[in-house]
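This report describes ring contacts and surface pockets in one protein model. The sequence and structure are shown first.

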Amino acid sequence: MSENGQRQDGVEGVGHWLPTTIDTSVAHIARVYDFFLGGKDNFPADREAAARILKGNPGMRDTCREQREYLRRAVRFLAESGIRQFIDIGTGLPTQENTHEVAQKVSPDSRVAYIDNDPIVLAHARVLMADQDHGRTVFIHADAREPGKLLADPTLTDVIDFTRPVAVLLIGILHFMPDNENPAELISTLLDAVPEGSYLAISHGTPDFAPEIGDAVQAAYQASSMPCRVRTSTEVMTLLRGVELVEPGLVLLAEWRPDGPVPEDRQEITYAAVGRKRA
């Protein structure tokens with residue numbers, strides 16, 4: 001046992017050290033999103049941060065809901081396109097129809113690796129993985145800002161075969177990486193690790209349609225010690241230069257391959273896109 005944590009054994013993929021103390025006085029993105037989605041795994045600091053964000057964008061709950069719905073549609077599309085391996089980075093706290101559930105509904109042999117840096121998410125992952133009865137699902141406690149270390153993790157390489165196509169999911173995480181954390185390098189490193197035929201799915205906050213809301217939300221996150229950088233369509237497309245976008249390209253969350261009519265009151269602060277790795 002290390003001086004900062006305890007070993008969590010008995011569950012596949014939870015072979016890392018889980019800190020015995022969690023700083024709940026500082027808001028965490030995963031727990032703030034949990035609050036927006038109606039969850040109960042959040043603390044006063046997370047709820048205070050959420051209140052600031054809601055002042056900037058009263059529709060943030062709808063944005064989070066649309067983002068989850070987009071994730072499900074994207075995973076379903078990828079699974080129906082033949083992808084059987086998924087790396088979901090910045091997964092957040094489990095909710096209904098998680099990545100492994102959607103993928104394994106299409107193909108029971110799908111393999112999913114969840115990545116997050118919140119120990120509370122790790123604790124919930126134990127339950128998530130214990131409930132599965134087919135395929136393989138693992139959780140890795142890691143930081144997206146260290147992609148090289150992540151890709152070398154033996155838990156990941158045991159489950160994901162990097163000689164076969166992989167879908168990399170970066171949903172709701174890139175706008176929490178300011179320019180000095182180089183999200184372009186993260187994407188480049190991930191794409192370099194996967195073979196031709198792999199896919200990248202992203203969502204990203206933008207000021208393009210409602211700049212005053214974009215600025216207010218960005219400031220609210222920053223005031224809660226969560227770096228945030230919304231980006232224009234041009235900036236997002238620069239991040240996506242390593243992939244060929246599938247139809248309908250870079251669009252708002254609700255506009256990406258909707259299951260029905262797009263609501264007129266859709267949220268207009270987050271882009272969505274799925275692309276296939278360029279040859």
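Tyr70, Phe77, Tyr199 and Trp256 are joined into a cluster by ring pairs. Rings of Phe, Tyr and Trp (its six-membered ring) count as a pair if their centres lie within 6.5 Å, with planes under 30 degrees apart called stacked, over 60 edge-to-face and the rest tilted. Arginine 257 is placed over the face of tryptophan 256, 5.4 Å from the ring centre; the criterion is NZ of Lys or CZ of Arg within 6 Å of the ring centre and within 35 degrees of the ring normal.

The model is predicted, with local features requiring pLDDT of at least 70 and side-chain atom pairs pLDDT 80 or more, whereas totals for chains, interfaces and linings use all residues. Residues are numbered from 1 along each chain as its sequence is written, and side-chain values use heavy atoms, without hydrogens and water.

In total, the structure holds seven aromatic pairs. One of them joins tyrosine 33 and phenylalanine 176 edge-to-face, at 6.3 Å centre to centre and 75° between the planes. Tyrosine 33 belongs to helix α1 (residues 29-36) and phenylalanine 176 to the loop between β6 (167-170) and α8 (183-193), 143 residues apart. Helices (H or I, at least four residues) and strands (E, at least two) are DSSP runs numbered from the N terminus.

Phenylalanine 176 also pairs edge-to-face with tyrosine 221, at 4.8 Å centre to centre and 80° between the planes. Tyrosine 221 lies in helix α9 (residues 211-223) and phenylalanine 176 in the loop between β6 and α8, so this pair ties together parts 45 residues apart in sequence. Phenylalanine 176 is buried at 8% relative accessible area, and tyrosine 221 is buried at 2%; buried means under 20%, exposed over 50% and partly exposed in between, with a 1.4 Å probe and protein chains only.

A pocket is an open set of points on a 1 Å grid over the protein atoms alone where a 1.4 Å probe fits, with protein on both sides within 12 Å along at least five of seven lines; lining residues have an atom within 4 Å of a point. Of the 45 residues lining the largest pocket, His28, Ile29, Ala30, Asp116 and Asn117 are the closest to its centre. Helix α1 gives the largest share of that lining, five residues. The lining of the second largest pocket includes Glu69, Arg72 and Asp259.
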